Amino acid sequence: MAAAASVYPTLDQRPIKNTICLFDVDGTLTPARRSASPEMLQLLSALRHKCAIGFVGGSDLVKQQEQLGTPSILVTSLFDFCFAENGLTAYRMGVPLVSQSFIKWLGEDNYKELVNFCLVYIAGIDCPVKRGTFIEFRNGMVNISPVGRNASIQERNEYSAYDKEHQIREKFVAVLKEKFSHLGLTFSIGGQISFDVFPAGWDKTYCLQHVAAEKNPPEGGPGVDYTTIHFFGDKTFKGGNDYEIYEDSRTVGHSVTSPDDTMRELKELFGL
């Protein structure tokens, strides 16, 4: 995919010019917290020759590099648009765009109150195992995991099954919504083991402002009005971290069940 990066048509010269495909990462392009298959990357490369492509994920760019890139290939070279942390950290054609800060928006005192409450609540949760990194601070959000982000793949799978039965994350989110209703936060369940916390409006729809800005691109030159924005995601249910962008009137939402399902839909839609 990277080898052909230099021969992709410019954005305004793609055959399907006014269309862009945006993808969730975990469960859509890759198995949860694992790498994309060579078949997926090859298909995305073929799609990129037809229209613009981008990913929009809740994780930071480091994790997306691990899942979608390689030690020698930057993920920012494999997609036209890279929207890490819902687009709060964004790249266009490998060049960074203006980013936003969760901590500056929320304030240190409010942030400490939120974190302290979560740590106490997590201490009272009974689940099969607990590992490290229960709260991960990112540039545009906080990620909270009752089992801990250091859990192995097997432990993640076991926790996910336990969570489906006992609704650990749903109950946690309900408590936080009531306790911190005054802060204007959104709580969004995603992946297998965690949920994100960010200001209202900083969900995945945040990245759409960058897409809209392509009418007048930052470096000048011909713009592109993306009148068709396809979004593919697996957590499209209410409360899932794909829900808002999936339901948004500006997008054509596709709910998928796995990376294989994503590839099937792309082949059908674009004749790949």
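Predicted model: local features only at pLDDT ≥ 70, side-chain atom pairs only at ≥ 80, totals over all residues.
Let me take glutamate 136 and arginine 149 to start with, whose side chains meet in a salt bridge with an N to O distance of 3.8 Å. Glutamate 136 sits in strand β6, which covers residues 135–137, while arginine 149 belongs to the loop between β7 (142–144) and α5 (153–166), so that the pair, 13 residues apart, links distant parts of the chain. Both glutamate 136 and arginine 149 are buried.

Arginine 138, for its part, forms a salt bridge with aspartate 196, and here the closest N and O atoms are 3.6 Å apart. Because arginine 138 lies in the loop between β6 and β7, and aspartate 196 in strand β9 (residues 194–199), this pair ties together parts that are 58 residues apart in sequence. Are these two partners buried or exposed? Arginine 138 has a relative accessible area of 3%, and is therefore buried, and aspartate 196, with a relative accessible area of 5%, is buried as well.

Next comes a bridge between aspartate 234 and lysine 235, where the closest N and O atoms are 2.9 Å apart. For burial, the cut-off is under 20% relative accessible area; aspartate 234, at 17% relative accessibility, therefore counts as buried, and lysine 235, also at 17%, counts as buried too.

Isoleucine 16 has a relative accessible area of 29%, and so it is partly exposed. Which residues does isoleucine 16 touch, if we do not count those up to four places away in sequence? The residues are Lys50, Cys51 and Phe270. As for cysteine 51, its C-alpha atom is separated from that of isoleucine 16 by 5.1 Å, although the two residues are 35 residues apart along the chain.

Key: Residues numbered from 1 in each chain as written. Heavy atoms only, no water. Salt bridge = Lys/Arg side-chain N within 4 Å of Asp/Glu carboxyl O. Helix = DSSP H or I, 4+ residues; strand = E, 2+ residues; numbered from the N terminus. Buried < 20%, exposed > 50% of the residue type's maximum accessible area, 1.4 Å probe, protein only. Contact = heavy atoms within 4.5 Å.
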